[in-house]
Amino acid sequence: IFVHEGNSIEGIQAMPGINRWPLNTVISEVKRAWGLGIRCIVLFPKIADSLKNEDPVECFNPEGLIPKAIRLIKKELPEMTIMTDVALDPYSCDGHDGIVSDEGIILNDQTIEYLCRQAITQAESGADLIGPSDMMDGRVGAIREALDEEGFEHVGIISYTAKYSSAYYGPFREALDSAPRHNTVKPIPENKNTYQMDPANAREAITEAHLDEQEGSDILMVKPGLAYLDIIHRLRSESDLPIAAYNVSGEYAMVKAAAERGWIDEKPVVLETLLSFKRAGADLILTYHACDAAEWL
């Protein structure tokens with residue numbers, strides 16, 4: 001679910017059928033999902049430009065958009081499991097998942113300090129699952145330690161273990177306005193290749209899975225899902241932890257666009273796609289098709 005600071009529901013052109021929900025209406029969408037049998041939602045923030053900064057402290061503001069949304073949902077529907085996103089790109093004027101130095105370098109360790117504070121703020125607000133999507137080295141272990149020190153041993157970590165530097169993220173980045181952007185003050189990396197994974201490299205996923213498992217992850221996630229079914233299968237063979245597949249925005253948008261043009265029959269294509277994740281070995285599926293699929297099933 002995409003949440004924004006406005007007062008009205010906004011359709012997302014790049015993702016047909018998906019909206020940005022203001023706080024005053026987001027509970028209706030959560031209750032709709034609950035009524036269809038969905039027991040876990042993921043929250044993503046569309047942060048106002050005025051709150052974005054090179055020093056993205058808004059990411060751990062206890063009165064920020066996501067903490068307020070968590071508290072609202074838990075008050076109205078406490079049984080719903082809430083997963084959050086832990087990364088800096090929605091909050092940074094640079095559009096990167098990490099803090100960018102004056103020389104244009106992503107600062108891994110400094111970023112992790114922010115991610116830990118962000119995770120704690122979300123846990124304090126009632127989050128059940130913390131989802132670090134940033135791909136900084138060592139962040140799972142640091143977040144696990146930070147949560148435990150604050151008494152949140154019960155809060156799980158679903159790590160973006162194998163998150164590839166993919167061309168399939170375009171609609172999502174438009175929805176959150178989180179693509180890397182240039183400024184005139186300092187050089188900004190034009191892409192996220194230095195911290196997201198090389199699509200040609202399958203072996204690295206195994207290394208990342210072992211590291212995340214050792215650092216305390218409870219669930220391992222592969223992103224994207226459909227274009228990386230082989231990676232899901234490899235991780236299923238390598239780990240006893242639950243494996244999640246993220247059916248990303250580009251994969252979703254292609255199906256929706258083709259269905260709107262009458263080129264495919266949406267329902268069987270969506271259900272076959274979701275089946276392919278299960279067949280490859282996924283225990284959980286994060287998908288924008290969730291409500292439609294739940295209704296069809």
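Biologist: Is Lys-74 buried or exposed?

Modeller: Buried means under 20% relative accessible area, exposed over 50%, and partly exposed in between (1.4 Å probe, protein chains only). Lys-74 has a relative accessible area of 18%, so Lys-74 is buried. This is a predicted model, where local features need pLDDT of at least 70, side-chain atom pairs count only at pLDDT 80 or more, and totals for chains, interfaces and linings use all residues. Residues are numbered from 1 along each chain as its sequence is written, and side-chain values use heavy atoms, with hydrogens and water left out.

Biologist: With which residue does Lys-74 form a salt bridge?

Modeller: Side chains of opposite charge can pair when their charged atoms come close. A salt bridge is a side-chain nitrogen of Lys or Arg within 4 Å of a carboxyl oxygen of Asp or Glu. Lys-74 pairs with Asp-128, and their closest N and O atoms are 2.7 Å apart. Lys-74 lies in helix α2 and Asp-128 in the loop between α3 (108–125) and β9 (129–132), so the pair ties together parts that are 54 residues apart in sequence. Helices (H or I, at least four residues) and strands (E, at least two) are DSSP runs, numbered from the N terminus. Asp-128 is partly exposed, with a relative accessible area of 27%.

Biologist: How many salt bridges does the structure hold?

Modeller: There are 17 salt bridges. One of them joins Glu-76 to Lys-31, with the closest N and O atoms 3.8 Å apart. Glu-76 is in helix α2 (residues 65–76) and Lys-31 in helix α1, so this pair ties together parts 45 residues apart in sequence. Glu-76 is partly exposed at 37% relative accessibility, and Lys-31 is partly exposed at 41%.

Biologist: Where do Asp-148 and Arg-144 lie?

Modeller: Both are in helix α4, four residues apart, about one turn of the helix. Asp-148 counts as partly exposed at 31% relative accessibility, whereas Arg-144 counts as buried at 12%.

Biologist: Which residues of helix α1 are buried?

Modeller: In α1 (residues 23–35), the buried residues are Val-26, Ile-27, Glu-29, Val-30 and Ala-33. They cover an arc of only 165° around the axis, so they are on the same side of α1. The arc is that of the directions from the helix axis to the C-beta atoms. Asn-24 and Gly-35 are exposed residues on the face of α1 turned away from its buried side.
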